[in-house]
Amino acid sequence: MGIRENIQKIKQGLPEDVLLVAVTKTRSADEINEARDAGITDIGENKVQEVMDKYDLVKPVNWHFIGHLQRNKVKYIIDKVSLIHSVDSLRLAEEIDRRAKEHGLVMDILVQINPADEESKFGVGLDGVKPLLLEIADKCENIRIRGLMSVAPFTEDPEDVAIYFRQVKTLYDELGKIDHHKVDFRYLSMGMSHDYKTAVTEGSNLVRVGTAIFGPRNYTK
Ligand SMILES: *Cc1c(COP(=O)(O)O)cnc(C)c1O
């Protein structure tokens, strides 16, 4: 199946209020434009370099930054992306805030959670999310906190992963009630190609799907 058919099939299975972000890492600008012409409005990249290389070649879309972000590279993407999913420290938030101020904009961010506390993954443990969120809200005037992002551990059985999604959803509902002008929850970003259906069942409203749209990635290209 081609990109267009894959997108149609995935969209048919998603409720209307779930945002499908096409994850375009390793994909060419042509492939991204093909996805856009097939109805994709939002794309996600995990490397600063790829955003910069492709930015001028891709027709207008909303860019999401979904990978680990080094502070010294924030300046390259601050005026290009509409949502940064991967904020997991105050220091990173402060750099985003500083660059956003320079550009006269308010950057939307998500706090990245590492629900299983896996060492191989970035993100804040479940207990650390609320303190971090409150600190960012108090200190970063040019940031708006729009929700949470989570990468679940890989399990053979997608049902096992439902437990993690459920924990993140519970936290999302709780933190969304915080009454602070910098906290304005809208996105619960969880679910990838192999587990997005489970994620949506458990309350995700933003799924990040790469392989199921574009096919397997070839990192040697
Ligand atoms: C690559 C990536 C995805 C998409 O993964 P697929 O399995 O190709 O759907 C989603 N989220 C993040 C953070 C990623 O790096």
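Visitor: At what N to O distance do the side chains of Asp 184 and Arg 144 meet in a salt bridge?
Guide: A salt bridge here is a side-chain nitrogen of Lys or Arg within 4 Å of a carboxyl oxygen of Asp or Glu. The model is predicted, so local features need pLDDT of at least 70 and side-chain atom pairs count only at pLDDT 80 or more, while totals for chains, interfaces and linings use all residues. Residues are numbered from 1 along each chain as its sequence is written, and side-chain values use heavy atoms, with hydrogens and water left out. For Asp 184 and Arg 144, the N to O distance is 3.6 Å.

Visitor: How many residues apart in sequence are the parts that this pair, Asp 184 and Arg 144, ties together?
Guide: Helices (H or I, at least four residues) and strands (E, at least two) are DSSP runs, numbered from the N terminus. Asp 184 belongs to strand E7 (residues 183-190) and Arg 144 to strand E6, so the parts that the pair ties together are apart in sequence by 40 residues.

Visitor: Is Asp 108 buried or exposed?
Guide: Buried means under 20% relative accessible area, exposed over 50%, and partly exposed in between (1.4 Å probe, protein chains only). The side chain of Asp 108 meets that of Arg 146 in a salt bridge of 3.3 Å, N to O. Asp 108 lies in strand E5 (residues 107-113) and Arg 146 in strand E6 (residues 143-150), so this pair links parts 38 residues apart in sequence. Arg 146 has 11% relative accessibility and counts as buried; with 13%, Asp 108 likewise counts as buried.

Visitor: What separates Lys 169 and Asp 173 in helix H7?
Guide: The side chains of these residues, Lys 169 and Asp 173, form a salt bridge of 2.9 Å, N to O. Lys 169 is partly exposed at 25% relative accessible area, and Asp 173 is partly exposed at 35%. Because they are 4 residues apart in helix H7 (residues 158-175), Lys 169 and Asp 173 are separated by about one helical turn.

Visitor: How many salt bridges does the structure hold?
Guide: Some salt bridges share partners, and these join Glu 95, Arg 98, Arg 99 and Glu 102 into one network. For the structure, the number of salt bridges is 18.

Visitor: Which residue just after H2 takes a positive phi?
Guide: Helix H2 spans residues 29-37, and its buried residues are Ala 29, Glu 31, Ile 32, Asn 33 and Ala 35. Just after H2, a positive phi of about 110° is taken by Gly 39.
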